[in-house]
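Q: I am new to this structure and would like to learn how its features are read. May we go through them one at a time?

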Amino acid sequence: MAKLVITGGRKLSGEVKVQGSKNSSLPILAATILCEDESVLYNCPDLKDVDATVKILRYLGCKASRHDTTLVVDTSTMTRSDIPHDLMREMRSSIIFLGAITARCGKAKMSLPGGCELGPRPIDLHLSALRQMGIEINEQHGELECVAVDGIKPSKIALSFPSVGATENIMLTAVKASGTTIITNAAKEPEIVDLADYLNACGAKISGAGESTIIIEGVDKLHGCNHSIIADRIVAATLMSAAAATSSKITLDGVVYSHLSMITPIFEQAGCEITQKMGKLTLDAPYRLRSPKLIRTMPYPGFPTDAQAPVMAMTCKTNGLTVFVENIFESRYKHVDELNRLGANIKVEGKVALVDGVRHLSGASVRALDLRGAAALVVAALSANGHTQVCGIKYLERGYDEFEVVLQSLGADIKKI
């Protein structure tokens, strides 16, 4: 089983291009099946989750080929409307296919999805919304069977929580509805905007993406297009955390600065100097970080839950106390025990974690238990004295494209064995 071996204490320097967004790539890949045509997706990261999504597309009868960071998908050959259990279990976001397949085929069948165990992430919002659009859903023995007997009906859907996945599923379904669908309390994440931009380039009529109300006018047919995936803001936050934790100066190319609007202030509170110019962000960290006082995860434009773990790793060596409040997912502090093995001083009570900064971390053998926790362990290991072995990197590879190679290019002593 592969692991990362990291010798900490080295400063990072240089410039890297930030990979394309995982959380944009997956729903856009699902959206390609609505087009019955060829789409070319640029800046598409080479990740385990992307591979799992491509496996689903190929199972459905579609064609997909990769050329570096470009993925070419032809969904004109799609022949199936079901997804088997083993493919659904690879990641939770596979539920995004439910609306897209139903919108194209009038029916869909799949099991409940798998993925990182972050506590309950119910799909009730997804199913309730699809039912409002006239889709009959039968849930039995862990399987979902959807049938749009009379086609997709337009609807006014008010979400009780601005769920990203539910918003995406509604959008993918509603683009083929016979009328106008309105989503209120919609998710506002940049990935929602990226999905809407792709669909609109394919001939959809979506307005309001990125705001709390999204309006989708159904169309009869979509066509393929060329689309560039946005930069991954969570990978950017992880690299910023690595630079801050090692008192380094690095430049990130390709970022959308506004997507980091609730992340950059945390680093500035810690004493980092951040400048941005023409799609490039430079972070210059001080010798000893100050402690940001409070970090509270919230739906966008709040502080993202996906950035909580790597930023927590950065705060382990700050001068003072930082309070984290996790409001999105349960079981999202699995990385804490492993960070404490490296010498951090973190205490957890429910959804609150208290990080009392220490002067030094020390290398140890640690194990990742989820995607963002794996990134946090890498960040901490880079700043620790001595050697650290990080096991469980299969989780890291779900969301980070050759992360060890990126860090090596910045001067880190890290290798995959």
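Q: Which residues does H259 touch, not counting residues up to four places away in sequence?
A: This is a predicted model. In it, H259 touches P190, I230, R233 and Y300, with residues up to four places away in sequence left out. H259 lies in the loop between β15 (249-253) and α9 (264-269).

Q: Is H259 buried or exposed?
A: A residue is called buried under 20% relative accessible area. The relative accessibility of H259 is 15%, so H259 counts as buried.

Q: Which residues of helix α10 are buried?
A: Helix α10 spans residues 308-315, and eight of its eight residues are buried, so the helix is largely enclosed by the rest of the structure. They are Q308, A309, P310, V311, M312, A313, M314 and T315.

Q: How many disulfides does the structure hold, and where is the cysteine sulfur closest to that of C44?
A: A disulfide is a covalent bond between the sulfur atoms of two cysteines. The structure holds zero disulfides. For C44, the closest cysteine sulfur is in C225, at 13 Å, which is too far for a bond. C44 is itself buried, with a relative accessible area of 0%.

Q: Where does pLDDT stay under 50?
A: Where pLDDT is low, the predicted coordinates should not be read in detail. Here, pLDDT stays under 50 over residues 115-121. For these residues the model has 24 contacts beyond four places in sequence. Over the chain, the mean pLDDT is 95, and 98% of the residues reach 70 or more.

Key:
Residues numbered from 1 in each chain as written. Predicted model: local features only at pLDDT ≥ 70, side-chain atom pairs only at ≥ 80, totals over all residues. Heavy atoms only, no water. pLDDT = per-residue confidence, 0-100. Contact = heavy atoms within 4.5 Å. Buried < 20%, exposed > 50% of the residue type's maximum accessible area, 1.4 Å probe, protein only. Helix = DSSP H or I, 4+ residues; strand = E, 2+ residues; numbered from the N terminus. Disulfide = S-S within 2.5 Å.
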